[in-house]
Amino acid sequence: MKKRSKRHQEALECCDPEKFYKLEDAINLLKTCPKVKFDQSIDIALKLGVDPKKSDQQVRNTVILPHGTGKTLKVVVLAKGDKAKEALEAGAEVAGDQEIVDKIKSGWTDFDVLVATPDMMREVGKLGKILGPRGLMPTPKAGTVTLELKRAVEDFKKGKVEFKVDKNSVINNLVGKLSFTVEKLIENIESLMAAISRAKPASS
């Protein structure tokens, strides 16, 4: 068995694994754990009562966290002409068409979000083996296949995140940084929870 670090052991001593904590108490507890030299991310893991093997019990959508994630996303846009220009003006790091497709084909995936206009989806389909495993494939459900590029780019820059249930019926999502105030973290988590509740399948 791998030996746990001193910091890991000290963190375990901060909480009682048999106790259920209120959200505010849990966040305050995190803030008392041994510190590190960087601003740690806070993730939430939710076990859902759905069967992801059934197509009518998929839980997937997006939500804009009111205080963002604390992470600046790199947004790349696949679009032609004026649409590419629109994306760049909205804050996308890179925008264009075939040259970006070719770059991704060569293995480039140094970005967090890929947005595409519908007319580029034929080319995007050829990138499935590269984008799919990394969770970067554009989809209408995630708001990453759209003609409203200005809005899409700005939303992701503000803190829009996608949530999706995995094969174990769990949703894992970043909800902020440890440096956020307790109030901001609670608001982010409550926004995510509300969006997941709205996305609940009728059959579950």
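Trainee: How should I read the packing of helix H2 (residues 23-32) and helix H8 (residues 182-198), and at roughly what angle do their axes cross?

Mentor: Axes here are lines fitted to C-alpha atoms, for helices over the stretch in contact, with angles running from 0 to 180 degrees between N-to-C directions. In this predicted model, the axes of H2 and H8 come within 10 Å and cross at roughly 130 degrees. Angles under 35 degrees count as roughly parallel, over 145 as roughly antiparallel, 65 to 115 as roughly perpendicular and the rest as oblique, and H2 and H8 are therefore oblique to each other. The contact (heavy atoms within 4.5 Å) is made by Leu23, Glu24, Ile27, Asn28 and Lys31 of H2, together with Val182, Leu185, Ile186 and Ile189 of H8.

Trainee: Is Lys160 buried or exposed, and which side chain of opposite charge is nearest?

Mentor: Buried means under 20% relative accessible area, exposed over 50%, and partly exposed in between, with a 1.4 Å probe and protein chains only. A salt bridge needs a side-chain nitrogen of Lys or Arg within 4 Å of a carboxyl oxygen of Asp or Glu. Lys160 is buried yet has no salt bridge, the nearest side chain of opposite charge being Asp155, 4.5 Å away; Lys and Arg count as positive, Asp and Glu as negative, and His and the chain ends are not counted.

Trainee: Which residues does Lys160 touch?

Mentor: Leaving aside residues up to four places away in sequence, Lys160 touches Thr62, Val63, Ile64, Leu73, Ala142, Gly143 and Asp155.

Trainee: What share of the protein counts as buried?

Mentor: Of its 204 residues, 41% count as buried.

Mentor: Local features need pLDDT of at least 70, and side-chain atom pairs count only at pLDDT 80 or more, whereas totals for chains, interfaces and linings use all residues. Residues are numbered from 1 along each chain as its sequence is written, and side-chain values use heavy atoms, with hydrogens and water left out.

Key:
Helix = DSSP H or I, 4+ residues; strand = E, 2+ residues; numbered from the N terminus.
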